[in-house]
Structure formats: C-alpha cells, structure tokens
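Here are my notes on this model, point by point. Please read them with the structure open.

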Amino acid sequence: MKLTLGTTLWGRPRIEILTLLYYAKLAEMASVDVELVACVSEDWAESAAKAMGWRTVRAPNSPLGAKHNVMLGEVRETKPDAFILIGSDDWLVSKHGNVFDRLGAHTYFSLVGLTDLWVVDLVERRACFWSNPPQLIGPGRMIRRDMLDCVDWQLWPTALQQGLDAPMGSRLGGPWTRYSWEEDGFGAIDFKTGTNIWDFDSFAQRSKAVGFDEVLQLTLPGWAQDDLRSEWGPR
C-alpha cells in the first residue's frame with residue numbers, strides 16, 4: 001500500500017515550513033508507505049521541502065489551477081495506490097493513531113472525504129469549528145489511482161485562481177465516502193496567518209466559536225503542538 005500526499009506552496013514560509021515538517025514526521029511514523037509531493041515556485045520552498053524529504057516540482061504561482069495540475073502530474077510519477085490532497089496550511093488530524101495509517105485502511109473506497117474542519121487564526125489566537133455533513137471540506141480528499149486514471153490525472157481548470165474544491169468534485173463525480181470527527185475520528189485544521197485565500201471571519205460567521213488552546217490539545221499530538229508553539233506561541 002502506497003499513499004502520496006500532495007500540496008502546493010505559495011509564499012507563506014512560517015506556516016508552510018511547519019506543514020512540511022508535520023507531514024514529514026507523520027510519514028516517518030506511519031506503517032504504510034507514504035511519499036510527499038510539493039509544487040513550489042520559490043527557491044526557499046524547494047530547499048525547505050527537499051531538506052524534509054519531500055519530492056518537489058516547480059510551477060508558476062499563478063494560476064493555481066495549473067499549479068495544482070502540475071503537482072498532480074508529479075504525484076502520478078510516484079505510482080501511488082491513492083492520492084491525498086491538502087492545502088499548504090492544512091493539517092489532517094486523527095483521534096485514533098497515525099492519519100496515514102488510518103486513511104490507508106480505507107483505500108478500498110474510490111473517493112474519501114472529510115466533513116469536519118477547525119479554522120485556527122494563529123495571529124489573533126482564535127478558533128472556530130465548521131461541520132456540515134454531507135458537504136466535504138477541501139483538505140484530506142483521498143482519491144484512488146483508478147479514479148485518477150479515468151480523468152487522465154487532470155482535476156482542475158488551468159485558469160482557476162480559487163474555489164478549487166467544486167471543480168474537483170464535479171470532475172470525479174461520486175459517490176464520496178464521508179468521515180467525521182465525532183463518529184470516525186477524522187478531521188482537519190485550516191490555519192490562518194493573515195495571508196489566505198479565505199480569511200478567518202468568512203468561516204467564523206457560519207461556524208461555532210471554540211477555544212484556541214482547546215483545539216490544539218484536542219486534535220494534535222504533543223510534538224505537533226510544541227512545533228506549532230515554537231513558531232506561533234505568544235510573543
């Protein structure tokens with residue numbers, strides 16, 4: 001069993017370096033075979049990713065649709081059984097063990113998605129929780145290789161600049177197998193740092209406010225909390 005996780009980096013080094021480190025550590029701890037792929041546009045991103053064991057490919061930062069398709073082409077070269085998509089500020093979390101091992105146990109489903117998301121503002125130290133089953137969140141979508149073969153490994157319109165989730169879902173069709181935090185122990189954190197496509201307030205207006213520290217303690221292992229606070233702790 002091999003999983004390949006892919007992302008695109010676009011100019012937010014403080015959170016993106018932590019994201020690279022988070023998944024590098026999770027992959028090292030996993031029992032399944034995991035490869036990590038990052039599409040980069042800047043030298044610092046390429047150097048950081050390679051130093052942490054990520055496979056890299058370069059593409060212009062804009063448009064994001066084209067950049068994501070370049071990333072997916074590199075994922076294809078790793079010959080995975082399934083591909084997992086994340087944003088460069090998204091951390092997948094699991095209640096019951098390593099997230100890669102747990103997702104790897106579900107690759108008999110063609111399409112897997114998550115429904116629960118914490119949005120955490122690292123600058124203002126605030127957080128909210130969004131859950132709206134059966135709607136899927138963007139991070140953590142896992143697609144089996146045979147499904148990607150059916151769409152020739154092209155998931156996004158090349159000119160797209162935002163709103164990548166809906167075209168991806170339409171391209172693949174369905175049905176998606178959905179997992180929640182409460183019932184299945186799967187979720188994701190979307191970190192906000194002041195440079196984001198969607199800001200914290202746009203989520204907070206339709207979400208439940210929760211405590212900043214409580215989210216980290218609930219969802220992350222101790223080492224991940226320590227890594228995060230080393231960069232984004234109180235000043």
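**Notes on the predicted model**

1. Start with a helix pair. From helix 1, the residues Arg14, Ile15, Leu18, Leu21, Tyr22, Lys25, Leu26 and Met29 meet Trp223, Ala224, Asp227, Leu228, Glu231 and Trp232 of helix 10. Keep in mind throughout that this is a predicted model.

2. The geometry of that pair comes next. Helix 1 covers residues 13-29 and helix 10 covers residues 222-232. They pack at an angle of about 165°, and their axes are 11 Å apart. Angles over 145 degrees count as roughly antiparallel, so helix 1 and helix 10 are roughly antiparallel to each other. Their crossing is right-handed.

3. Seven strands form an open sheet in the order 3-2-1-4-9-6-10. The pairing is mixed. Strand 3 (55-58) and strand 10 (177-179) stand at the edges. Each has a single partner strand, so one side of each is left without a neighbour in the sheet. On average, neighbouring strands of this sheet are turned by 20° against each other, direction ignored.

4. Strand 1 deserves a look from both sides. Residues 2-8 make up strand 1, and residues 33-40 make up strand 2. These two strands run parallel and are joined by seven bridges. Within that pairing, Leu3 stands opposite Val34 of strand 2. Strand 1 also pairs with strand 4, again in the parallel sense, over four bridges. Here Thr4 has Phe83 of strand 4 as its bridge partner.

5. What is the sense of the pairing between strand 4 and strand 9? It is antiparallel, over four bridges, with strand 9 spanning residues 141-144. Ile84 has Met142 in strand 9 as its bridge partner.

6. Are the faces of strand 4 covered or uncovered? Both are covered. Ala82 and Ile84 lie on one side, Phe83 and Leu85 on the other, and all are buried.

7. Helix 2, residues 43-51, lies across strand 2 and strand 3. Helix 2 runs at about 165° to strand 3.

8. Check Trp176. Its place is in the loop between helix 6 (165-172) and strand 10. Trp176 has a relative accessible area of 11%; the limit for buried is under 20%, so Trp176 is buried. Not counting residues up to four places away in sequence, Trp176 touches Leu111, Val112, Gly113, Leu136, Arg141, Met142 and Ile143. Among these contacts is Met142, the bridge partner of Ile84. Leu18 of helix 1 is another matter: Trp176 and Leu18 are 158 residues apart in sequence and 30 Å apart in space, C-alpha to C-alpha.

9. Asp121 is in strand 7, residues 116-121. Is this residue buried or exposed? Asp121 is buried, with a relative accessible area of 6%. Leaving aside neighbours within four places in sequence, Asp121 is in contact with Arg126, Lys192, Phe200 and Phe212.

10. Last, the cysteines. Cys150 is exposed, with a relative accessible area of 66%.

Technical notes
Residues are numbered from 1 along each chain as its sequence is written. This is a predicted model: local features need pLDDT of at least 70, side-chain atom pairs count only at pLDDT 80 or more; totals for chains, interfaces and linings use all residues. Side-chain values use heavy atoms; hydrogens and water are left out. Two strands pair if DSSP finds at least two bridges between them. Axes are lines fitted to C-alpha atoms, for helices over the stretch in contact, and angles run from 0 to 180 degrees between N-to-C directions. Contact means heavy atoms within 4.5 Å. Buried means under 20% relative accessible area, exposed over 50%, partly exposed in between (1.4 Å probe, protein chains only). Angles under 35 degrees count as roughly parallel, over 145 as roughly antiparallel, 65 to 115 as roughly perpendicular and the rest as oblique. A crossing is left-handed if the near helix is turned anticlockwise from the far one by less than a right angle, and right-handed if clockwise.
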